[in-house]
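Please find below a few notes for a first look at this model. They go point by point.

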Amino acid sequence: MNNISLFENSQICLNMIFIFIAIIIILTIIFIVVIVKMKKSVKYKSESNNYVNKMNKKIIRALVRTIDAKDRYTNGHSIRVARYSREIARRLNKSEKEQEEIYYAGLLHDVGKIRIPAAVINKPGKLTDEEYEMLKIHPVTSYHILKDIYDDKTIALGAKFHHERYDGKGYPNGLTGDNIPEIARIIGVADTYDAMTSNRSYRMSLSQQMVRSEIEKGKGTQFDPEIADVMLQMIDEDKGYNMREKDLQKHILVVDDEPINIKMVQLIMKDEPMYTVIGANSGAEALKILEEREVNLILLDVIMPEMDGFETLSRIKDKYDIPVVFMTGDKNIETIQKATDYGVEDYLTKPFLPLAMKEIMHSISNWNK
């Protein structure tokens, strides 16, 4: 009887051990499944956030291109102001996050110019009082566009107040000193610097010494003295005067085995002094030209003897980072898709529209400088 009881007790203990082990195994499996799902969820959220961030940057880039394209003389102004602003912020020991914030504020500071007529922005002479008042509203417009894009109003405030002056004589609100948000004080210095170092519709860019003198003169009146000193330091370190708008002259290489098409492009662009059109009758000749001189944009025919457009494009991509536009009579969707897969910037079909060609040249060559 005792032996039977002992045996039964042993069985109960074993059963309990097996149940306990089974519970542990099940809980372990559940834990592993939960962890895997959490990791997948975190990865998905991370990938999703990265995708959204990339899309936001592309949208911002497109918006900035739209604004800069209104002024044929100052294309690239926004990206330069953004870079100068970020460098000032770095030298002021701002955090990485603050530097990025200031960069995007600089990039978008003129978004309000979308409401200003191009005739006013590009006017070669002095603006009338009415035109100047119209121009002065663009910071306010910028603010109302940006405040609804970002939850944090810092970027919007940077755009709204970048034309304020340290002495209170700026616009739109006439703020003084530290009442002007610091981000706007930084952009204000960067914006003024780029305006002086760029060609404008009414004057050519100023010499580096003259620019330095104007920044020095504006300390405490137009500019925050501390931020102006940072800009002066940047100017003094820029021995080759590289911190300015690059040469506006653009060199376009047209590659086509039919000389008449090259002449057609030259004729279309003859009233655009910023563009020099160079011709090449074959892919081999084009590659030789690229070894000898700078080219900003290539218009490339697809159907050519010996070396066609795709082979020429492949050889160009191997050595150079130059935007390429296909210019061809081939309207086949498969060819267009293949061109897109090869990284072609655009696809222009013959006979091409002159205005379409000019728009492509303005958009691509100006943004890729």
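1. Where does Tyr 241 lie? Tyr 241 sits in the loop between helix H10 (225-237) and strand S1 (250-255). Helices (H or I, at least four residues) and strands (E, at least two) are DSSP runs, numbered from the N terminus. The phi of Tyr 241 is near 50 degrees, a positive value in a residue other than glycine. Tyr 241 counts as buried, at 11% relative accessibility. Buried means under 20% relative accessible area, exposed over 50%, partly exposed in between (1.4 Å probe, protein chains only).

2. A word on the source. This is a predicted model, where local features need pLDDT of at least 70 and side-chain atom pairs count only at pLDDT 80 or more, while totals for chains, interfaces and linings use all residues. Residues are numbered from 1 along each chain as its sequence is written, and side-chain values use heavy atoms, leaving out hydrogens and water.

3. Asn 93 also has a positive phi, near 65 degrees. Asn 93 belongs to the loop between helix H2 (77-91) and helix H3 (96-107). Asn 93 is exposed, with a relative accessible area of 70%.

4. Look at the cis peptide bonds. One joins Tyr 171 and Pro 172, with omega about 10 degrees. Pro 172 is in the loop between H7 and H8. Another joins Lys 350 and Pro 351, with omega about -5 degrees.

5. Helix H8 covers residues 182-196. Of its 15 residues, 14 are buried, so H8 is largely enclosed by the rest of the structure.

How values were computed: The expected span of a helix is 1.5 Å times one less than its number of residues.
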